[in-house]
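Trainee: Could we walk through this model together, one question at a time?
Mentor: Gladly; let's have it in view first.

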Amino acid sequence: MTTSLLARPEFRELLTKVAGLDNDKGDERLKRIVLRVSEHICSVIEEFDVSPSEFWSAMAYLTELGQANEVGLLVPGLGIETFLDMRMDEAEKRAGLEGGTPRTIEGPLYIAGAPLAKGEARLDQDPEQGEVLFMEGVVTDKDGAPIPGAVVDVWHANTKGGYSFFDPSQSQYNLRRRIETDAEGRYRFRSIMPAGYACPPNGVTQKLLDGLGRHGHRPAHIHFFVTAPDYRKLTTQINIDGDEYLHDDFAFATRDELIPPVVRHAEAEAINARGLNEPFSTITFNFVLHREADVLPDTIVERPHAQAA
Ligand code: MBD
Ligand code: FE
């Protein structure tokens with residue numbers, strides 16, 4: 001039987017130098033993390049007897065992934081963004097926070113700086129053939145007290161599953177708005193029913209998913225950041241009920257509390273009252289925020305966000 005190379009003193013010495021643990025400069029936490037990551041990579045190579053060719057194909061994959069700007073797509077596909085949510089949920093539970101609207105992942109397609117409206121907005125700027133959707137609700141604290149002046153930053157895909165900015169066929173900030181709640185804590189918007197998103201079929205993320213026998217589809221959904229002074233930032237989404245991928249999301253973001261009823265209105269009276277010619281849908285969804293507290297980990301996640309203008 002051969003003993004693991006990883007246990008040999010000459011390998012331990014190599015790792016120590018790799019992580020800079022034999023010097024007194026640099027950052028301690030970074031050194032400890034680099035040590036563990038290096039150990040884990042070498043251990044996987046050993047466990048699976050990874051050949052040099054296999055190893056370099058993995059490095060080529062990561063290079064392509066970055067060049068295609070798909071890192072933010074693979075991360076949720078591997079469940080890691082959901083794991084970060086699970087850790088934040090646990091930390092809040094340990095600190096005694098209960099209730100409130102559940103968080104779910106941000107995903108890679110947020111753009112900062114969407115137009116700011118007061119109380120209500122229309123999100124669909126680009127004419128599209130699709131079902132009109134009205135969504136409304138109130139932002140409250142845990143006791144149900146409305147929070148006026150909260151900002152509901154909403155973004156979603158068009159009827160083809162594409163997001164403005166990333167999809168050059170859409171105008172700037174199409175289907176993206178920030179809505180400030182009114183004196184009663186209310187927000188409302190008119191938009192168009194989104195379609196589900198699918199990873200680019202010939203893309204780098206889908207290539208790995210193919211190897212895992214997995215699809216790259218998300219159910220139709222609408223994203224939100226909900227913020228208010230002295231409250232914890234909420235990052236969440238609602239899913240459109242009835243979608244075939246509702247409980248089979250490649251990004252693992254579905255939560256039972258985030259599937260509000262979609263009410264379809266087909267009566268002529270309701271259609272006329274809204275000034276429309278076709279049936280439409282409405283969704284009511286309230287957001288419940290937690291007060292901020294020093295002992296809790298920050299819910300504001302620093303990550304690069306493009307801005308369209
Ligand atoms: C999306 O629209 C999305 O929300 C996530 C998490 C990943 C890819 C596309
Ligand atoms: Fe999305």
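Trainee: Which residues is Tyr197 in contact with, leaving aside its neighbours within four places in sequence?
Mentor: Before we start, this is a predicted model, where local features need pLDDT of at least 70, side-chain atom pairs count only at pLDDT 80 or more, and totals for chains, interfaces and linings use all residues. Residues are numbered from 1 along each chain as its sequence is written, chains are lettered from A and ligands numbered from 1 in the order in which they are written, and side-chain values use heavy atoms, with hydrogens and water left out. Contact means heavy atoms within 4.5 Å. With sequence neighbours within four places set aside, the partners of Tyr197 are Leu73, Leu109, Gly161, Tyr163, Gly216, His217, Arg218 and His221.

Trainee: Is Tyr197 buried or exposed?
Mentor: Buried means under 20% relative accessible area, exposed over 50%, and partly exposed in between (1.4 Å probe, protein chains only). Tyr197 has 14% relative accessibility, so the residue counts as buried.

Trainee: Where is Tyr197 placed?
Mentor: Helices (H or I, at least four residues) and strands (E, at least two) are DSSP runs, numbered from the N terminus. Tyr197 belongs to the loop between strand 6 (186–192) and helix 6 (204–211).

Trainee: Which residues coordinate the iron ion (ligand 2)?
Mentor: Donors are N, O and S atoms within 2.8 Å of the metal (3.2 Å for Na, K and Ca); water is not among the atoms, so sites may look incomplete. Along the chain, the donors of the iron ion (ligand 2) follow the spacing Y-x57-H-x1-H. At 2.0 to 2.1 Å, the iron ion is coordinated by Tyr163 (OH), His221 (NE2) and His223 (NE2).

Trainee: Are His221 and His223 buried or exposed?
Mentor: His221 has 2% relative accessibility, and His223 has a relative accessible area of 3%. On those values, His221 counts as buried, and His223 is buried.

Trainee: How much of ligand 1 does the protein bury?
Mentor: A polar contact is a pair of N or O atoms within 3.5 Å; within protein, one must be able to donate a hydrogen and the other to accept it, and residues adjacent in sequence count only if both atoms are side-chain atoms. An oxygen atom of ligand 1 is 2.9 Å from a side-chain N or O atom of Tyr163, and a polar side-chain atom of His223 lies 2.9 Å from an oxygen atom of ligand 1. Ligand 1 taken alone exposes 260 Å² (Shrake-Rupley method, 1.4 Å probe; for residues, only the protein chains shown count as cover). Of that area, the protein buries 99%.
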